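The following explanation is intended for a reader who is meeting this structure for the first time. Please keep the sequence and the model in view while reading.

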Amino acid sequence: MSWWQRSRPGYAVDGVEPQRVDGWDVFDGGALAGSPAVAEAAARLPQDPALEDLPGYLAVSTRDGREWTLSFDDGKLSVLGLSRPGSDFFEQVLTAAPWTESVERVDREVFLFTTAGVRTADVVLAHCVDVCGEVFRRLGA
């Protein structure tokens, strides 16, 4: 039995064991894609081939269930306007989300944010997928 199963934190997701990296629990979006929350968020995305399998290109990680990172694989950076230096549009939309308290872009493809309370990783990823959909819609307008 792993430490994860013995000391299940509040942000855990049934059936998904994160990768532990430097004190952070990293949840691959592909592993969370089958959860109801993420599947419903993916279904709300605009029907565009550029967003196909979006959760699989994302990862969320946390130490405590309140401080999170959202990471993107390179394949979706340009689709969401993240490949341009100095672009902070995604950060603005993430900051405006009612479930975030603070947001910081820490790298070209990584955002650090805090939430008002502890949330499960699948719910956090679902919220992030919704933000991606909103950004995509606004960029296309």
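The paragraphs below consider a strand and its partners, then a helix and its surroundings, and finally a pair of helices. The model is a predicted one.

Strand β3 comprises residues 58-62, and five of the five are buried, so the strand is largely enclosed by the rest of the structure. In a regular strand, side chains alternate between the two faces of the sheet. Accordingly, L58, V60 and T62 point one way from β3, while A59 and S61 point the other way. β3 has pairing partners in β2 and β4. Strand β2 (residues 24-28) runs antiparallel to β3 and is joined to it by four bridges, with D25 standing opposite T62. The pairing of β3 with β4 is also antiparallel and extends over five bridges; here S61 stands opposite T69 of β4. Four residues lie between β3 and β4 in a hairpin, and G65 in the turn has a positive phi of about 90°.

Helix α4 spans residues 89-96, and its residues F90, V93 and L94 are buried. They lie on the same side of α4 because they cover an arc of only 100° around the axis. The elements covering the buried residues of α4 include β4, β5, β6 and α5.

Helix α5 also packs with α3 (residues 36-44), at an angle of about 5° and with the axes 8 Å apart. The two helices are therefore roughly parallel to each other. On the α3 side, the contact is made by A37, V38, A41, A42 and R44; on the α5 side, by D122, V123, L125, A126, V129, D130 and R137. Eight residues of this contact are nonpolar and four are charged, with no polar ones.

Note on methods:
Residues are numbered from 1 along each chain as its sequence is written. This is a predicted model: local features need pLDDT of at least 70, side-chain atom pairs count only at pLDDT 80 or more; totals for chains, interfaces and linings use all residues. Side-chain values use heavy atoms; hydrogens and water are left out. Buried means under 20% relative accessible area, exposed over 50%, partly exposed in between (1.4 Å probe, protein chains only). The arc is that of the directions from the helix axis to the C-beta atoms. Contact means heavy atoms within 4.5 Å. Axes are lines fitted to C-alpha atoms, for helices over the stretch in contact, and angles run from 0 to 180 degrees between N-to-C directions. Angles under 35 degrees count as roughly parallel, over 145 as roughly antiparallel, 65 to 115 as roughly perpendicular and the rest as oblique. Ala, Val, Leu, Ile, Met, Phe, Trp, Tyr, Cys and Pro count as nonpolar, Asp, Glu, Lys and Arg as charged, and the others, Gly among them, as polar. Two strands pair if DSSP finds at least two bridges between them.
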